[in-house]
Amino acid sequence: MAGTSSAVVAGLTAAALATVGLLGHQASVNVPAELRRPSAGGAPAASEAPPGGPRPAAPPDRSGRGVRVVYSLGDDRVWLVGGDGGVGRTFGVSPGTVDPAPGTYRVTSRSKRVTGSDGVPVEHVVRFASVGGTAIGFSAAVDGSAPAPGPKARTGGVRETRADGAAMWRFATIGRTVVVVP
């Protein structure tokens, strides 16, 4: 009987350690950039324009001030705007079937890799709103596909390319402002 009890305790201990390790990893992935220590040889920040390249187009008028993500519903376009008001990156997106109302939001949660509401594996998920129980956020399909949901599907994923999704992931940490314009 003693051997069975110690096996159960060992199993529970292993499960607890695995859970703590997973939660610690998830927490480290979601640390806001301003709280992280710079790492040597790390990827450049999304707010940096390519050296020698042209600066991306300005975000729409009345899209706020300061460091922010600007999402235009009418243009299906995103701008990553730095503290100086300069655009570090802009790119087109493919929206889901549910749009957030124009306004100012904050990034509320992030997931490195999950399955999207359309059943497609996605990465670099950055959520900022919810409409009628449907989470709204930016993501990139692991297979590079754009969403093709049925007409009755309620999807809130705003799809980006994998490269744009990686840039969004670096830029849009928890609490980052997201401004949605018409």
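Modeller: Before we start, two strands pair if DSSP finds at least two bridges between them, a strand being a DSSP run of E with at least two residues and a helix one of H or I with at least four, numbered from the N terminus. This is a predicted model, where local features need pLDDT of at least 70, side-chain atom pairs count only at pLDDT 80 or more, and totals for chains, interfaces and linings use all residues. Residues are numbered from 1 along each chain, and side-chain values use heavy atoms, leaving out hydrogens and water.

Colleague: Thanks! Which strands stand at the edges of the open sheet?

Modeller: Four strands make up the open sheet, with mixed pairing and the order β5-β6-β7-β8.

Colleague: Which residue of β6 does Val114 stand opposite?

Modeller: β5 pairs with β6 (residues 121–131) in the antiparallel sense over six bridges. Thr115 has Pro121 of β6 opposite, while Val114 stands opposite Val122.

Colleague: How many of the eleven residues of β6 are buried?

Modeller: Buried means under 20% relative accessible area with a 1.4 Å probe, protein chains only. β6 is largely enclosed by the rest of the structure, because its buried residues number eight.

Technical notes: Buried means under 20% relative accessible area, exposed over 50%, partly exposed in between (1.4 Å probe, protein chains only).
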